[in-house]
Amino acid sequence: MTKTKTKGNSRRRSGNIGLLIPMYVFTILFVALPILYLFLLSFLQRAQVWGVDFTFTLDNYKRILEPLYLDTFWQSLKLAFTATFFVALIGYPYGYFMARMSAVWKRRMLLLIMIPFWTSALIRLYGWIIVFRSNGVLDKILMGLHLTDQPLKLLYTYPAVVVGMVYSLLPFMILAVYSSAEKLDMSLVEASRDLGASSWTAFWTVSFRLTLPGLLSGVVLSFIPSMGLFFIADILGGNKIVLVGSVIQEQITKGRNQPFAAALSAVLMVLTSVMIRLYRKITGTSQLEGML
Amino acid sequence: MGESILQLQQIRKSFDNTEVLKGIDLEAAQGEFITLLGASGCGKTTTLRIIAGLELPDSGQVILEGRDITDWEPNRRDVNTVFQNYALFPHMNVADNVGYGLKIRKVPKAEIERKVEQALRLVQLEEYGKRMPDQLSGGQKQRIAIARAVINEPKVLLLDEPLGALDLKLRRQMQLELKRLQKQLGITFIYITHDQEEAINMSDRIGVMHEGVLEQLGTPNEVYYQPRTSYVADFVGNANILHKNGETLAIRSENIRMDGESVCTLDAVVVEKSFAGGQLRILFRLADGQLLTASRYGIDNDIQPGETVKIGWDAKDAVKVIDNDKDENQR
Amino acid sequence: MKKKKWPFVYVAVITVLTYIPILLTVVYSFNTSKLTSVWEGFSLKWYRELFRDRDLGEALMNSLILAVLSCTFAVLIGTSGALGMSRRKRKTDEVVAYVSTLPIMIPEIILGMVFLSVFSLMGLPFGMVTLVIAHTTFCVPYIFTMVRARLVGMDHSLEEAALDLGATKWQVFCDVILPQILPAILSGVLLAFAMSFDDVVISIFVTGPKVNTLPVKIYTKLKTGVTPEINALATVMLIVILLCLMGAYLLGRKVKAPAGEK
């Protein structure tokens, strides 16, 4: 009896290994090795005419320390922080309230959030061009209300880029907060009220604490992409706002300096993984809430 | 019993156009143990939540120590609740859970510590302060939930089926412990259960609820021996409900006689015989088709299904009750 | 406790705000004027121009082909990987699973950079092949994670019962396992497809001079100047997506209805 059972198990196990081959091969070949190559590349030199020269150098990293690029990193981080701050400020209550709605409304709201998410990100940004354009919709409204007497020329400014980023990243935050707020047991809030907490205290000591993983997950999920969303800065910021992402893209398309772009990417990647580490350490979970 | 501490007056409440409470009146005395007994959906939990302030009644008053607290926020009421699922805060350890109410009231730290220790000793879990709720068994969580509520010295403690999730043996033990605790603290308990045995074991008075109406409020003896309505008779005493000469009678199964005494005048056919819980139960069908159960301790072999026997009952054992199915308005 | 109204007001206001730019594109797609600042009257000329635009049509086709191919490969790789890893606890599996999710964890621009450098090292010509490889890498995690999560919650006694009843391994897969993981695969594909179809950043890096995807095309158009036919395109896409979502929603409700709401 036991013998046949072991045999059956081992047969199944060998079948499993066959199933794993595509995953292993694909992941090693197209994810692991390319990422390793990126790090390698960041220590190489650019060739005179085209391509890469395989000699070790630290010049790329030294170049990042030049004020021009340090400043770009600083600007990117600042923009990412600003955008993430507003995303959290707007998205947290939204996701939290949504989780308190009836089952029917929850489904409707999820749909309403997903619809813009499914239309092209670029096209949604185009809507903001219409809003911000000089003499555009916003200017018309403000001037109509006599709040300003001339066009504000908001397009191609820093606020426009922030709005664009917040707008693009908001769904991630809402879904992350929503999925953690939905799991919140309302009887805990009631217990807190019952034990003497005002609704505000109950929120801070119980609801907020228990939905914090969702908020942090949303922060990670908005902060990380916001470092690389160069096309938003491009479209809504013109050439005025330069992000790390823009520099990387420029170094490749115009400067043809792959090693330097790789070094910039490597730094960005290290920043990213530090954030994810931090998230895991604080919340003690490996999965980002509401990621999928 | 002491003086009146809590009164409910004509409490009405509807959810989505369904009336779940149809005018509840209740008065609890200082130090009294009152149980609200009823099947699920009878409105007992809603009543409790209205006392706690977690739900607002559509009409009626909640009066605590002579003050109308109907519209008060839950945190302002001198009332605490032990929730059905315990509702322990998962992100706080046991000591922080128990001390939560005091911390909210900004009681000095040293005093919180002292009182938490005292409360944990009261529920015999002194060593558990540093544990997290998910490291506790069901019974332990239960005790922590009680400690967390009583530490605030509420005027009234509300308990929503606190033993519902525990197994039978633990339930019995906790029943005794709760009763001891209540005596010791002298706090008024409003206790909810659907288990009539639990209600009878623990309560000073039992309120039987049915479809949003408080059918009867009385001592366990009154509710058991003098049910006011057929529902109470059935739910609490498992009594037979018989319709005879336009009257509705409740007769508990152990009072059905079949010993040939002079009261045994009715012809009854034995439908079924079963043995359960140390009791022999015999199901009879009367000549007019009504079914009736008799129970006896010990095994009685004389009667076989299909036989016809004479049965009856002493007049004192047949209680005249209001029929819930017919006399809707009389209640 | 009283139920408060303002949370709902807040949610409603934010929702309306998020729809304003979308509604504006729709409104201005019917504008006669080329300028978005003035309204000169209703016209369908931008739609005519849109449908006449060969480049855009081609870009749309490319995007669809790319998304379908990437999703197909991702389903094959991700599902088989998740199945293979179910019921074994190996450290290597965990490492591979972790590495495979990196493409959706790191900023898109880095992924684009990674592929650009690797493909140029390998000497692969930039075009559909490089696009498909790059897109598959970030489609796999969506499907793999979903299927894996589903498999964890699955009742293995069903498989054993089927084997016990004499089913072959292939029959067990088709009759028992596949029906259970299909919803997970589908929701993974839904996300992966949207991500692939909408991707600008990675595509810009790995696309060749001859192949344009729709988002890349739109991006270049937006950078060069005012193009009202983008409004028309946005409207068309919005309608298609709305129809798809409506269909899925109604279908989902039909399936869920017998189980009862709430």
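Glu190(A), Arg49(B) and Glu55(B) are linked in a network of salt bridges, a salt bridge being a side-chain nitrogen of Lys or Arg within 4 Å of a carboxyl oxygen of Asp or Glu. Before I go on, this is a predicted model, where local features need pLDDT of at least 70 and side-chain atom pairs count only at pLDDT 80 or more, while totals for chains, interfaces and linings use all residues. Residues are numbered from 1 along each chain as its sequence is written, chains are lettered from A and ligands numbered from 1 in the order in which they are written, and side-chain values use heavy atoms, with hydrogens and water left out.

Back to the charges. Side chains of opposite charge can pair when their charged atoms come close. Across the interface of chain B and chain A the rule finds two salt bridges. Arg193(A) pairs with Glu73(B), with 2.6 Å between the closest N and O atoms. There are also 10 residue pairs in polar contact between chain B and chain A, both residues at pLDDT 80 or more. A polar contact here is a pair of N or O atoms within 3.5 Å; within protein, one must be able to donate a hydrogen and the other to accept it, and residues adjacent in sequence count only if both atoms are side-chain atoms.

Now the extent of that interface. In it, 24 residues of chain B are in contact with 18 residues of chain A, contact meaning heavy atoms within 4.5 Å. Together the two chains bury about 1,700 Å², 57% of it on carbon and sulfur atoms. Buried area is the accessible area (1.4 Å probe) that two parts lose on being put together, summed over both. Asn75(B), His91(B) and Tyr100(B) supply 31% of the area that chain B buries against chain A, more than any other three residues.

Next, chain A against chain C. Here 83 residues come from chain A and 93 residues from chain C. About 8,100 Å² is buried between them, 78% of it on carbon and sulfur atoms. On the chain A side, helix H1 (residues 2–41) gives the largest share of what touches chain C, 21 residues. Helices (H or I, at least four residues) and strands (E, at least two) are DSSP runs, numbered from the N terminus.

On to chain B by itself. Chain B has eight helices and 17 strands. The domain assignment gives domain 1 (4–225) and domain 2 (245–320), the bounds coming from an automatic or database domain assignment. Taken over C-alpha atoms, the centres of these two domains are separated by 40 Å. Of the 331 residues of chain B, 53% count as buried. Buried means under 20% relative accessible area, exposed over 50%, and partly exposed in between (1.4 Å probe, protein chains only).

Which salt bridges tie parts of chain B together? Asp58(B) pairs with Lys13(B), the closest N and O atoms being 3.9 Å apart. Asp58(B) lies in the loop between H1 and strand E4 (59–64) and Lys13(B) in strand E1 (residues 4–15), so this pair ties together parts that are 45 residues apart in sequence. Asp58(B) is partly exposed, at 48% relative accessibility, whereas Lys13(B) is buried, at 10%.

Glu161(B) and Lys44(B) meet at 3.5 Å, N to O. Glu161(B) is in the loop between strand E7 (156–160) and helix H5 (168–185), and Lys44(B) is in helix H1, so the pair ties together parts 117 residues apart in sequence. Glu161(B) counts as buried because its relative accessibility is 10%, and Lys44(B) because its relative accessibility is 4%.

Arg143(B) and Glu177(B) form a salt bridge at 3.6 Å, N to O. Arg143(B) lies in helix H4 and Glu177(B) in helix H5, so parts 34 residues apart in sequence are tied together. Both residues are buried.

Last, the nonpolar side. A nonpolar core is a set of buried Ala, Val, Leu, Ile, Met, Phe, Trp, Tyr and Cys residues joined through side-chain atoms within 4.5 Å. The largest has 203 residues, and among those with the most contacts inside it are Phe231(A), Leu6(B) and Ile190(B). Helix H3 (residues 67–99) of chain A gives the most to this core, with 14 residues.

Ile190(B) touches Ala28(B), among others. Ala28(B) sits in strand E2 (residues 18–29) of chain B and is buried, at 0% relative accessibility. Ala28(B) and Ile190(B) are 162 residues apart in sequence, yet 8.4 Å apart in space, C-alpha to C-alpha.

Methods. Lists of a residue's contacts leave out its neighbours within four places in sequence.
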